[in-house]
Amino acid sequence: MELRLFVTREIPFPAFESIKGLFQKVDVWPEYRPPTKEELISRAKGAQALVTMLEDKVTCDVIEALSPELRIIAQYAVGFDNIDLECATKHGVYVTNTPDVLTDATADLTWALILAVARRIVESDAYVRSGGWKSSGTAWHPTMMLGFDLVGKTLGIVGGGRIGQAVARRAKGFDMRIIYNSRRRHPEMEALGATYVDLDELFRESDIVTLHVPLTPETQNLVNESRLRLMKRTAIVVNTARGKVVDIDALYRALKEGWIAGAGLDVYPTEPLDPSHPITKLSNVVLTPHIGSATRETRAKMAELVYRNLEAFSRGERPPTLVNE
Ligand code: DGY
């Protein structure tokens, strides 16, 4: 049988050539924007394999329109909340993701945001470029761009999985106290010196709350008005997980009205974030465009993992990072 593959974006890394070599027919969506649902269905019709990105909405009607030919959806991301897993499973379609390989890059970006907010890096950059510094009349002043220390502060990690652990490992270098909450206790976290606490206590005690949970019905709006009101007025929130874990309207009010001191966000409930959203007008927020895994090395490794999954599939074997059965 001729094996066909549809890929929803160019993936310009070496493993992509190997991926293409596994199939007799390969169609790659050529545009920077994602295909619409209709475009996805019409281009992927008849394909056994799909490579998808987190922006592609692989809903049940898409899966059903591509059945019974479709056999595997290889997601080029660790998160897969854009795919209807239950429906895929029902139709006997494998779903795979790219865990582990993006852990360090995402933990690094988390720390970039923590430091950027704590030390007002983006505001400082704008101050220099805009001439604010030059026209201030002084090169140095005891109160210029004051931020806060990390040493001795409490880092609250929500989610004790791989990325949460990598964030905790980095926190040790900053001499911080680490607390965490997760659905279950993680011995790996505790070996790093992190103490398990309940969620409300984590929000109450932390100087920095950082989120590392997948989007599920339980984690949707986990950071809401009542939790934000538990936080210290000097604390900050960082989100490199999924946008819908935070109620962005409540966060906006918290930042605007000073319930908390700042935020660093890489993900948003609706992406791309509308630049007219009021949160973009606040100076105590640092915003990045969903770049947690965006390093050349990591994206190349993610492509290799997609290759390993599709290669196992093409040999009739169980893909190594299967997320359904
Ligand atoms: C993922 O892989 O889920 C990330 O959000 C992509 O950067």
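Two strands count as paired if DSSP finds at least two bridges between them. Helices (H or I, at least four residues) and strands (E, at least two) are DSSP runs, numbered from the N terminus. Everything below concerns a predicted model, in which local features need pLDDT of at least 70 and side-chain atom pairs count only at pLDDT 80 or more, while totals for chains, interfaces and linings use all residues. Residues are numbered from 1 along each chain as its sequence is written.

**View 1. An open sheet of 7 strands.**
Follow the strands across the sheet and you meet them in the order S8-S7-S6-S9-S10-S11-S12, with parallel pairing. Strand S8 (195–196) and S12 stand at the edges with a single partner strand each, so one side of each is left without a neighbour in the sheet. Further in, S9 and S10 are parallel partners joined over 4 bridges. Here you can find Val-209 opposite Val-237 in S10.

**View 2. Strand S6 and its partners.**
Let us start with burial: a residue is buried if 20 or more other C-beta atoms lie within 10 Å of its own, exposed if 12 or fewer, and partly exposed in between, with C-beta atoms placed from the backbone. In strand S6 (residues 154–158), 4 of the 5 residues are buried, so the strand is largely enclosed by the rest of the structure. S6 pairs with strand S7 (residues 177–181) in the parallel sense over 5 bridges, and Leu-155 faces Ile-178 in S7. S6 also runs parallel to strand S9 (residues 208–211), joined by 4 bridges; look for Val-158 opposite Leu-211 in S9. Together, S6, helix H8 (residues 162–173) and S7 form a right-handed β-α-β unit. A crossover is called right-handed if, with the strands pointing away from the viewer, the path from the first strand over the helix to the second runs clockwise.

**View 3. Strand S11, with side chains pointing two ways.**
In a regular strand the side chains alternate between the two faces of the sheet. From strand S11 (residues 262–265), Gly-262 and Gly-264 point one way and Ala-263 and Leu-265 the other way, and all are buried. The chain gets to S11 from S10 by way of helix H12 (residues 248–256), in a right-handed β-α-β crossover. Strand S10 (residues 236–239) pairs with S11 in the parallel sense over 4 bridges, and Val-237 has Ala-263 as its bridge partner in S11. Strand S12 (residues 285–287) runs parallel to S11 and is joined to it by 3 bridges; there, Leu-265 stands opposite Leu-287.

**View 4. Helix H5 and its buried residues.**
Helix H5 (residues 103–118) has 16 residues and reaches 22 Å from its first C-alpha to its last, close to the expected 22 Å. That expected span is 1.5 Å times one less than the number of residues. Of the 16 residues of H5, 12 are buried, so the helix is largely enclosed by the rest of the structure. Among them are Thr-103, Leu-109, Trp-111 and Ile-114. Just after H5, Arg-120 takes a positive phi of about 55 degrees.

**View 5. The surroundings of the ligand.**
Which residues surround the ligand? They are Leu-54, Ala-77, Val-78, Gly-79, Leu-102, His-290, Gly-292 and Ser-293.

Most residues other than glycine have a negative phi, and most peptide bonds are trans. Met-145, however, has a phi near 50 degrees; Met-145 sits in the loop between helix H7 (132–135) and S6 and counts as exposed, with 12 C-beta neighbours inside 10 Å. Asp-175 has a positive phi near 55 degrees and belongs to the loop between H8 and S7. A cis peptide bond, with omega about 5 degrees, joins Ser-67 and Pro-68, and Pro-68 lies in the loop between helix H3 (60–66) and strand S4 (72–75). The bond from Glu-271 to Pro-272 is cis, with omega near -5 degrees, and Pro-272 lies in the loop between S11 and S12.

Conventions:
A residue is near a molecule or strand if its C-beta atom, placed from the backbone, lies within 6 Å of it.
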